[in-house]
Amino acid sequence: MTKSQLIEALAKAEGITLKAAETAVNVTFQSMEDALIRNDRLEIRGFGSFKVKKYDGYKGRNPKTGELIEVDSKKLPFFKVGKELKERVNGDSPEGEEE
Amino acid sequence: MTLTKAHIVENLFAKNIFTKTESAEIIETLFEIVKQTLEEGEDVLISGFGKFSVKEKNQRRGRNPQTGDPIMLSPRKVVTFKCSGVLRERINEGK
């Protein structure tokens, strides 16, 4: 599913225009992006949480050529799946009905 | 500070398109659609943000980290997130 498909699905589910759904999707991911850029934590109940992790720089080697290279320190967002989503992808519905 | 769904609802409400109640319902539905899609095993790709994928993990032997006892871990599915290049650059700009 792409962003535009998500917009279409949201418009249909909520009975709102595509433009309104697009605003909702953009606001959502823009808010999440801004939080990560500020290095804030981000937690969506039932979905998951994000946190920016810092990785130190190190000296490594190019595995192909064996050449010594300097790997810079970097920051990357780390996603931890929420309990509900984790259970749902594994088919453990809390209600236990469907199979 | 931690960003939560309540903040996203506020940001949507601030666009003056929906009431507070509608904004909350729309954000709830949005994440429900993403969860439903992942539950069906389909990836969700948000350009400029990143990609959520479901990966299948085989059964493997593991150990109870507390007691060291060997245990069999059942096959399972995990959700992974890969940050987009654009977002990665923006996170690292002010490093």
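## Strand pairing between the chains

Two strands pair if DSSP finds at least two bridges between them, and strands (E, at least two residues) and helices (H or I, at least four) are DSSP runs numbered from the N terminus. In this predicted model, strand E1 of chain A pairs with strand E1 (residues 2-4) of chain B in the parallel sense, over three bridges. Leu42(A) has Leu3(B) in E1(B) as its bridge partner.

## Extent of the interface

Contact (heavy atoms within 4.5 Å) links 49 residues of chain A with 46 residues of chain B. About 4,400 Å² is buried between chain A and chain B, 68% of it given by carbon and sulfur atoms; buried area is the accessible area (1.4 Å probe) that two parts lose on being put together, summed over both. Of the area that chain A buries against chain B, 16% comes from Met1(A), Arg88(A) and Val89(A), more than from any other three residues.

The interface of chain A and chain B holds four salt bridges, each defined as a side-chain nitrogen of Lys or Arg within 4 Å of a carboxyl oxygen of Asp or Glu. Arg88(A) forms a salt bridge with Glu39(B), with the closest N and O atoms 2.6 Å apart.

Elements that give two or more residues to the side of chain A touching chain B include helix H1 (3-14), helix H2 (18-37) and strand E2 (48-55) of chain A. H2(A) gives the most, with 14 residues.

## Basis of the values

Residues are numbered from 1 along each chain as its sequence is written, and chains are lettered from A in the order in which they are written. Local features need pLDDT of at least 70, side-chain atom pairs count only at pLDDT 80 or more, and totals for chains, interfaces and linings use all residues, while side-chain values use heavy atoms, with hydrogens and water left out.
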